[in-house]
Amino acid sequence: MAPIISITDLSKTYEGGFEALKGVSLDIEEGEILALLGPNGAGKTTLISTICGLVSPTRGSVTVGGHDILHEYRAARSLIGLVPQEIALEPFEKVINTVRFSRGLFGKSRDEAHIEKVLRALTLWDKRNNRNQQLSGGMKRRVMIAKALSHEPRVLFLDEPTAGVDVTLRREMWDLVRELRASGVTIILTTHYIEEAEEMADRIGVIDRGRLLLVEEKARLLHQLGRKELRLELGEPLDAIPAALADHNLTLSEDRMHLSYAFDSHAERTGMTRLLGDIASAGLSLRDLSTRQSSLEEVFLQLVREGREEERA
Ligand SMILES: Nc1ncnc2c1ncn2[C@@H]1O[C@H](COP(=O)(O)OP(=O)(O)OP(=O)(O)O)[C@@H](O)[C@H]1O
């Protein structure tokens with residue numbers, strides 16, 4: 001199946017010369033949840049805004065549903081729903097009219113059944129006659145999503161959907177996103193919460209300083225890059241790592257009671273057997289040992305570090 005969004009060599013240099021995107025290429029498949037993960041200022045919003053036609057690219061191309069975002073702007077844009085980072089709602093307008101109005105902006109004919117479906121899905125139906133200003137912050141966010149879904153888009157962009165949202169609301173938002181996906185909408189969300197990407201995404205793209213460092217299925221990303229750590233609790237404190245163990249790349253903890261050893265659990269040789277042999281020969285006694293899988297957070301930080309080192313080289 002052809003990808004719903006195809007991005008080829010996309011670059012954006014803002015006026016003043018800042019390069020916010022540097023040659024990003026990416027295909028997004030219909031029906032997936034893709035999380036774009038990156039630190040502040042990485043270029044996530046610029047990427048989304050370019051796909052949605054709000055920022056013009058300096059180089060490269062994007063198609064949405066096969067339509068070029070520059071040459072077939074209306075057709076491309078009509079397939080997209082965008083929920084921006086900031087909540088922007090007319091305070092005195094009723095919820096239902098806000099959503100009807102958004103649909104009208106896309107030149108779609110009135111469809112009360114669709115508006116009702118969207119409001120019910122977002123548990124806003126009972127609030128439909130409330131004015132926006134009477135809603136809680138969480139409900140306002142849901143109205144923003146309802147607006148974005150009003151014209152029946154096939155792709156929904158959520159720019160940091162849970163920034164500044166409490167834990168309960170965040171979980172509600174995650175459930176909602178899963179339900180939307182089950183209804184057939186492709187979802188692209190940006191986040192700098194690793195937990196959010198880990199919880200929700202089918203695929204994760206890591207972006208930093210305008211470069212897409214990697215796009216990978218979440219499970220495979222954790223599996224491939226997940227390094228493990230062996231932690232050894234010593235029988236007695238150590239002043240320093242003994243010279244006989246110097247080539248094992250060990251770290252001694254501050255309390256001098258633990259040694260840790262990072263290894264790749266999928267490698268042919270983990271080096272663990274030799275390490276334990278050398279520890280015994282060095283006369284160290286061990287009280288306990290445990291292994292731990294790296295979290296996505298560590299994987300992410302490692303990727304960003306490697307990306308920056310590569311850029312410097
Ligand atoms: N209109 C603009 N003019 C000049 N520079 C801009 C403009 N918009 C964004 N930038 C710069 O481009 C870079 C990327 O910004 P962008 O908002 O895309 O990052 P982001 O990954 O979404 O960050 P955040 O997580 O903080 O929202 C930043 O350094 C930002 O200052």
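The radius of gyration is taken over C-alpha atoms, and the globule rule sets it at 2.2 Å times the number of residues to the power 0.38.

**View 1. Overall dimensions of the predicted chain.** The chain has a radius of gyration of 25 Å, whereas a compact globule of 313 residues would have one near 20 Å. Its C-alpha trace spans about 80 × 45 × 40 Å along the principal axes.

**View 2. Secondary structure, burial and contacts of the chain.** The secondary structure comprises 10 helices and 14 strands. Of the 313 residues, 31% are buried. When contacts between residues at least 6 apart in sequence are considered, 71% of them join residues at least 24 apart.

**View 3. The open antiparallel sheet of four strands, β12-β13-β11-β14.** The 4 strands are shown in their order within the sheet, and their pairing is antiparallel. Strands β12 (251–252) and β14 (286–293) form the edges, each pairing on one side only.

**View 4. Pairing of strands β11 and β13.** Strand β11 (residues 228–234) and strand β13 (residues 258–263) run antiparallel and are joined by 6 bridges. Within this pairing, L230 has Y261 of β13 as its bridge partner.

Definitions and conventions
Residues numbered from 1 in each chain as written. Predicted model: local features only at pLDDT ≥ 70, side-chain atom pairs only at ≥ 80, totals over all residues. Helix = DSSP H or I, 4+ residues; strand = E, 2+ residues; numbered from the N terminus. Buried ≥ 20, exposed ≤ 12 C-beta atoms within 10 Å, placed from the backbone. Contact = placed C-beta atoms within 7 Å. Pairing = 2+ DSSP bridges.
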